[in-house]
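Welcome to this short briefing. Please have a look at the sequence and the structure below before reading on.

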Amino acid sequence: MNRLPATVRALHSADGLHLLDLTLCGHDCTAFACAEAAPWQPGQRVEVVFRALDVALSTAPCPTLSIRNCLPCRIVSIRHGRLFSHIDLHCAGEPLQAVITGRSAATLALQHGMTVFALIKANALQLLEPPA
């Protein structure tokens, strides 16, 4: 499970649904949440958690996708399995993991030290308050 610090920049709410504008690894991101009342405030520090399986990788920024969360990362290690590849990344000094199919890893020709872009849908990001 990926766990990264973030800061809430803005909150947009309607009918128990919330879009949160975040700063995550120094980049603008969006998280989606369902809650009767929004417990978050602009300026609040939070932790964002998401599964490695919810991270897609690209070798170039993808501004025309509906996935708006695009974090530039550096590959620090790759472990290829029979079906899946586990990719360890650093994003602005923070560790991040992705699990993609071996076919995708081969098609992207991923290598240690390479710059890639981690794509994460807003609904995959879960917000936690950081420990005190």
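Is Asp88 buried or exposed? With a relative accessible area of 16%, Asp88 is buried, since the cut-off for that class is under 20%. Keep in mind that this is a predicted model. Here is a tour of its salt bridges, strand pairing and a surface patch.

**Salt bridges**
- A search of the whole structure finds four salt bridges.
- One of them joins the side chains of Asp88 and Arg79, at 2.6 Å from N to O; Arg79 is partly exposed, with a relative accessible area of 42%.
- Arg3 and Glu47 also meet through their side chains in a salt bridge (2.8 Å, N to O). Arg3 lies in strand S1 (residues 2-14) and Glu47 in strand S4 (residues 45-50), so this pair ties together parts that are 44 residues apart in sequence.
- Glu47 is buried at 15% relative accessible area, whereas Arg3 is partly exposed at 48%.
- Arg9 and Asp28 form a salt bridge at 3.3 Å, N to O. That pair links distant parts of the chain, with Arg9 in strand S1 and Asp28 in strand S3, 19 residues apart.
- Asp28 is exposed at 55% relative accessible area, and Arg9 is partly exposed at 35%.

**Strand pairing around S6**
- Strand S6 (residues 69-80) pairs with strand S9 (residues 115-120) in the antiparallel sense over six bridges, and Leu71 stands opposite Ala118 in S9.
- S6 and strand S7 (residues 84-91) run antiparallel and are joined by six bridges, with Ile75 opposite Leu89 in S7.
- A hairpin of three residues joins S6 to S7.

**Nonpolar surface**
- Leu17, Leu19 and Phe32 make a nonpolar surface patch of about 240 Å².
- Phe32 lies in strand S3 (residues 27-34) and counts as partly exposed at 31% relative accessibility.

Terms used
Residues numbered from 1 in each chain as written. Predicted model: local features only at pLDDT ≥ 70, side-chain atom pairs only at ≥ 80, totals over all residues. Heavy atoms only, no water. Patch = residues over 30% accessible without salt bridge, like charges linked within 9 Å, V, L, I, M, F, W, Y side chains within 5 Å. Areas by Shrake-Rupley, 256 points an atom, 1.4 Å probe, with all protein chains shown as cover. Helix = DSSP H or I, 4+ residues; strand = E, 2+ residues; numbered from the N terminus. Buried < 20%, exposed > 50% of the residue type's maximum accessible area, 1.4 Å probe, protein only. Pairing = 2+ DSSP bridges.
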